[in-house]
Amino acid sequence: EVQDACCVVSHVRAVLGPAAKICVVGLSTGAIVAALLRESLRDAQIHIVCVAGLFDVAAGLLYDFEPWQLRQFDHWGWCWKEFYLPIGSSSNPPYSISSDDEHADQIVDVATPVASPTPSFSKVFLRLNSSYRDDFLQLPLERSVCGHSGIPLSVIHGQKDQSVPFEAGKQLYERAAEPKFWHPIPSGDHLFRSDKTFKKVMREISLIL
């Protein structure tokens, strides 16, 4: 993902020219990718924005996986991980489990209904290899964030975030090297779903540009 993001930034730079200011914004998992770019990029006109991000990758694993999924990693070398996929899309993986699948009893929480983000998406479970966990824990996030690259870093975090705790975003800001900027959003949840909090986030980003 970091290499892909670097390629995108390089393309945007080639299109806009050397003087244009580029703002790279990452939300949640995307915020981790954005933070990792701080070490990879050498461009004085880049500004990185981490929205609902974190600093501690070990803690981040606990935000994204249930205890039973972590036990499956250890026992099987993979776990059933939930994803929201577009219904009927040809790009969907060939095998997954949903709540009405004959193998659904292998999934601990499948009996608990969870609403899909939109009616056109369905919650399914896919096998996720434990190498994902291992690679995630090895991410050089601390080195990237704390290194003195000179690239400005803004951290935006909702105070009502129930997916990635507000304190995780605050820790990211506190541990980051200068130049850095802190933008707490009162009443903001993980996705800033209210018009008021979303507009606040967009205003903070627009001021950077």
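Tutor: Residues are numbered from 1 along each chain as its sequence is written, and side-chain values use heavy atoms, with hydrogens and water left out. The model is predicted: local features need pLDDT of at least 70, side-chain atom pairs count only at pLDDT 80 or more, and totals for chains, interfaces and linings use all residues.

Student: Why is Val24 called buried?

Tutor: Buried means under 20% relative accessible area, exposed means over 50%, and partly exposed is in between (1.4 Å probe, protein chains only). Val24 has 14% relative accessibility, so Val24 counts as buried.

Student: What makes Ser130 buried or exposed?

Tutor: Its relative accessible area is 12%, so Ser130 is buried. Ser130 sits in helix H5. Helices (H or I, at least four residues) and strands (E, at least two) are DSSP runs, numbered from the N terminus.

Student: Why is Cys7 called exposed, and not buried?

Tutor: The relative accessible area of Cys7 is 52%, so Cys7 is exposed. Cys146 has 25% relative accessibility, so Cys146 counts as partly exposed.

Student: How do you know that Cys7 is in no disulfide?

Tutor: A disulfide is a pair of cysteine sulfur atoms within 2.5 Å. The structure holds zero disulfides. For Cys7, the nearest cysteine sulfur is that of Cys6, 7.1 Å away.

Student: Which residues does Val24 touch?

Tutor: Contact means heavy atoms within 4.5 Å. Not counting residues up to four places away in sequence, Val24 touches Val9, Leu37, Ile46, His47, Ile48 and Val49. Val24 lies in strand E1, residues 22–27. Take His47: Val24 and His47 are 23 residues apart along the chain, and their C-alpha atoms are separated by 6.2 Å.

Student: And which residues does Ser130 contact?

Tutor: Leaving aside neighbours within four places in sequence, Ser130 is in contact with Phe73, Gly77 and Trp78.

Student: What makes a set of residues a nonpolar core?

Tutor: The residues are buried Ala, Val, Leu, Ile, Met, Phe, Trp, Tyr and Cys, joined through side-chain atoms within 4.5 Å. The largest nonpolar core has 35 residues, and those with the most contacts inside it are Ile46, Ile48, Cys50, Leu141 and Val145. Helix H2 gives the largest share of this core, seven residues. Another core, of eight residues, lies apart from it, with Phe192, Val201, Ile205 and Ile208 among them.

Student: Which residues are closest to the centre of the largest pocket?

Tutor: The largest pocket has a volume of about 970 Å³. Of its 30 lining residues, Ser28, Tyr63, Asp64, Ser163 and His190 are closest to the centre. A volume here is the space filled by probe spheres set on the points, with grid points joined across faces, edges and corners.

Student: Which element gives the most to the lining of the second largest pocket?

Tutor: H2 does, with six residues. The second largest pocket has a volume of about 360 Å³.

Methods. 1 Å grid on protein atoms, 1.4 Å probe; cavity = no way out; pocket = protein on both sides within 12 Å on 5 of 7 lines; lining within 4 Å.
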